[in-house]
Amino acid sequence: NIWSDEKIQQMLEGATRNKEIFEEIARRLMKCGIDRDWKQCRTKYKNLKYEYRALQKENEHLGNPRRKMRFYDEVDCILRRQPLGPSGWGCESSSLLSGTKNFHNEIKQLHRMLQLPV
């Protein structure tokens with residue numbers, strides 16, 4: 001969800017020196033109780049983009065039913081600059097901020113996305 005934020009998207013667009021951007025992402029994660037440094041955030045970002053693009057290329061050549069990665073739909077929406085939709089995820093979603101019972105499920109989902117133990 002942080003990655004899909006319009007401000008973050010604009011900052012990442014065409015940026016070659018992006019340490020400050022990933023420091024901002026790490027700060028936002030810290031507000032959600034997830035301790036990651038900027039290098040970990042950058043590595044996860046690069047790995048997700050690489051895996052997504054590799055799958056896109058593979059699926060173009062095969063023409064068969066698409067093979068998907070974890071969080072494919074979310075990464076697809078972000079990279080194609082489309083809204084995540086009503087089932088948005090992440091620590092900045094409205095249900096988390098409003099303190100609903102979905103809090104723990106959303107944190108678990110974030111942990112899975114970041115490949116952390118749940």
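Trainee: How many helices and strands are in the protein chain?
Mentor: Six helices and zero strands. Keep in mind that this is a predicted model.
Trainee: What share of the 118 residues is buried?
Mentor: Buried residues come to 40%. The chain exposes about 7900 Å², and carbon and sulfur atoms supply 48% of that area.
Trainee: Switching to packing. At what angle do α2 and α3 pack?
Mentor: About 105°, with the axes 8 Å apart. Helix α2 covers residues 19–31 and α3 covers residues 38–62. Angles from 65 to 115 degrees count as roughly perpendicular, so α2 and α3 are roughly perpendicular to each other.
Trainee: Which residues make that contact?
Mentor: From α2, K19, F22, E23, I25, A26 and L29. From α3, W38, C41, R42 and Y45. By class, that contact has seven nonpolar, three charged and no polar residues.
Trainee: Now confidence. What is the mean pLDDT of the chain?
Mentor: The mean is 74, and 64% of the residues reach 70 or more.
Trainee: Which element has the lowest mean pLDDT, and which the highest?
Mentor: Helix α5, residues 94–97, has the lowest at 34. Helix α2 has the highest at 94.
Trainee: Where does pLDDT stay under 50?
Mentor: Over residues 86–104. The model has 27 contacts beyond four places in sequence for that stretch. Where pLDDT is low, predicted coordinates should not be read in detail.

Notes:
Residues are numbered from 1 along each chain as its sequence is written. This is a predicted model: local features need pLDDT of at least 70, side-chain atom pairs count only at pLDDT 80 or more; totals for chains, interfaces and linings use all residues. Side-chain values use heavy atoms; hydrogens and water are left out. Helices (H or I, at least four residues) and strands (E, at least two) are DSSP runs, numbered from the N terminus. Buried means under 20% relative accessible area, exposed over 50%, partly exposed in between (1.4 Å probe, protein chains only). Accessible areas come from the Shrake-Rupley method with a 1.4 Å probe; for residues, only the protein chains shown count as cover. Axes are lines fitted to C-alpha atoms, for helices over the stretch in contact, and angles run from 0 to 180 degrees between N-to-C directions. Angles under 35 degrees count as roughly parallel, over 145 as roughly antiparallel, 65 to 115 as roughly perpendicular and the rest as oblique. Contact means heavy atoms within 4.5 Å. Ala, Val, Leu, Ile, Met, Phe, Trp, Tyr, Cys and Pro count as nonpolar, Asp, Glu, Lys and Arg as charged, and the others, Gly among them, as polar. pLDDT is the predictor's confidence in each residue, from 0 to 100.
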